[in-house]
Amino acid sequence: MRYDSDLIYRPPGEWRSYLLQCTIGCSHNKCTFCAMYKEKKFRVRPLEEILEDIDMALDCYGPNVERVFLMDGDAIVMRTDQLLKILEKLYRNFPNLQKVTTYAGPNSTLAKSVSELTELRQAGLTRAYLGVESGSDKVLAAINKGCTAGQMLQAGQNLAQAGIDLWAIVILGLTGQEGDWREHVLSTANIINEMRPRHLSAMTFAPAAGTPLGENVLAGRFRVCTPGQILRECRLLVEKLDVAPLHFTSNHASNYLPLKGGLPEDRATFLEQLDRAIAGELQLRKTLNRGI
């Protein structure tokens, strides 16, 4: 298999997946907090190369591959006919294949009709990870997400309507210490409640070197939230979510208090753990250090 970079990014749950690079970088690549693809110029790999890589994977791993993750940051941006050929090749080469997943950007998702997304689901695209980040228009504009909350909501709803297993990702701490964190969290809970994904991961903002937001942290223009503030944000989010059933995780390397379970059944346990952590009764773990 061929990879454009030594740095490989994929969701934590895809650690057992065969990683197939379909695009190089991210089609948006302007979010102020994200450093993952800053050194890459976005492009779609030639279809012939991708199909060759699938044959190389068959030679390397054999026919029993069960999971595939389509890299890099936004494979959903590819033309639908190209994605269909990739999916057909994957399922032909790997007869035991169970899941094919990808990151999905809001704008590239909205560029496809629901019928196109449904066709991709029927061809075997089983899950999409959508970086919602926030339900606040103010926060989305501040981080240069490139879409409004309404557009983000529509993208998530279109994926879910197509039958694709939707995994939403939000980020705590995006307003910093001086921002309106309650508006961020309440708006985020509202958009998730309307979007109704099957999975939700709440990560914590960790400044990354070389990003606009990271530079603001270094210059003192943005003060990163304290652990206590992040815990209060997480508590309010958990309290206000009403999607049922919802697989909820807040156990990324960026999170101070790892949480994993289901809502609503684990809500009381989550809130108790968060209250104990806020009161200083639980030891918090060291979080992700991205170079700042």
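Predicted model: local features only at pLDDT ≥ 70, side-chain atom pairs only at ≥ 80, totals over all residues.
## Helix pairs and a mixed sheet

Helix H1 passes helix H2 in a right-handed crossing, a term used when the near helix is turned clockwise from the far one by less than a right angle, while anticlockwise makes a crossing left-handed. Residues are numbered from 1 along each chain as its sequence is written, and side-chain values use heavy atoms, leaving out hydrogens and water. Helices (H or I, at least four residues) and strands (E, at least two) are DSSP runs numbered from the N terminus.

### H1 against H2

Let us stay with this pair. H1 covers residues 47–61 and H2 covers residues 80–93; their axes lie 10 Å apart and the packing angle is about 15°. That makes the two helices roughly parallel (angles under 35 degrees; over 145 is roughly antiparallel, 65 to 115 roughly perpendicular, and the rest oblique). Axes here are lines fitted to C-alpha atoms, for helices over the stretch in contact, with angles from 0 to 180 degrees between N-to-C directions.

On the H1 side, the contact (heavy atoms within 4.5 Å) is made by Leu 47, Ile 50, Leu 51, Ile 54, Asp 55 and Leu 58. H2 brings Gln 82, Lys 85, Ile 86, Lys 89, Leu 90 and Asn 93 to the contact. By class, this comes to seven nonpolar, two polar and three charged residues. Ala, Val, Leu, Ile, Met, Phe, Trp, Tyr, Cys and Pro count as nonpolar, Asp, Glu, Lys and Arg as charged, and the others, Gly among them, as polar.

Two residues are worth a look here. Ile 86, in H2, is buried at a relative accessible area of 0% (buried means under 20%, exposed over 50%, partly exposed in between, with a 1.4 Å probe and protein chains only). Leaving aside residues up to four places away in sequence, Ile 86 touches Leu 20, Cys 22, Leu 47, Ile 50, Leu 51, Ile 54, Leu 70 and Met 78.

Phe 94 sits in the loop between H2 and S5, and is also buried, with a relative accessible area of 0%. Its contacts, again without residues up to four places away in sequence, are Ile 54, Ala 57, Leu 58, Gly 62, Pro 63 and Val 65. Phe 94 and Ala 57 are 37 residues apart in sequence, and their C-alpha atoms are 9.6 Å apart in space.

### The sheet

Strands of a sheet pair through backbone hydrogen bonds, either parallel or antiparallel. In this model, eight strands make an open sheet with mixed pairing, in the order S1-S4-S5-S6-S7-S8-S9-S10. S1 (18–21) and S10 stand at the edges with a single partner strand each, so one side of each is left without a neighbour in the sheet. From one strand to the next, the twist averages 25°. Two strands count as paired if DSSP finds at least two bridges between them. Some of the pairs are listed here:

| Strand pair | Sense | Bridges |
|---|---|---|
| S1 and S4 (residues 67–71) | parallel | four |
| S8 (residues 199–204) and S9 (residues 246–249) | parallel | three |
| S9 and S10 (residues 260–263) | antiparallel | four |

Leu 200 is partnered by Phe 248 in S9, and Thr 249 by Lys 260 in S10.

### Helices around the sheet

Helix H6 (residues 149–161) lies across S5 (99–104), S6 (127–133) and S7 (165–172), running at about 165° to S6. Helix H10 (residues 267–278) packs on the sheet too, touching S9 and S10, and its direction makes about 130° with that of S10.

H10 also meets helix H9 (residues 227–240): their axes come within 10 Å and cross at roughly 160°. The two are therefore roughly antiparallel to each other, and their crossing is left-handed. From H9, Leu 231, Arg 232, Cys 234, Arg 235, Val 238 and Glu 239 meet Arg 267, Phe 270, Leu 271, Leu 274, Asp 275, Ala 277 and Ile 278 of H10. By class, that contact has eight nonpolar, no polar and five charged residues.
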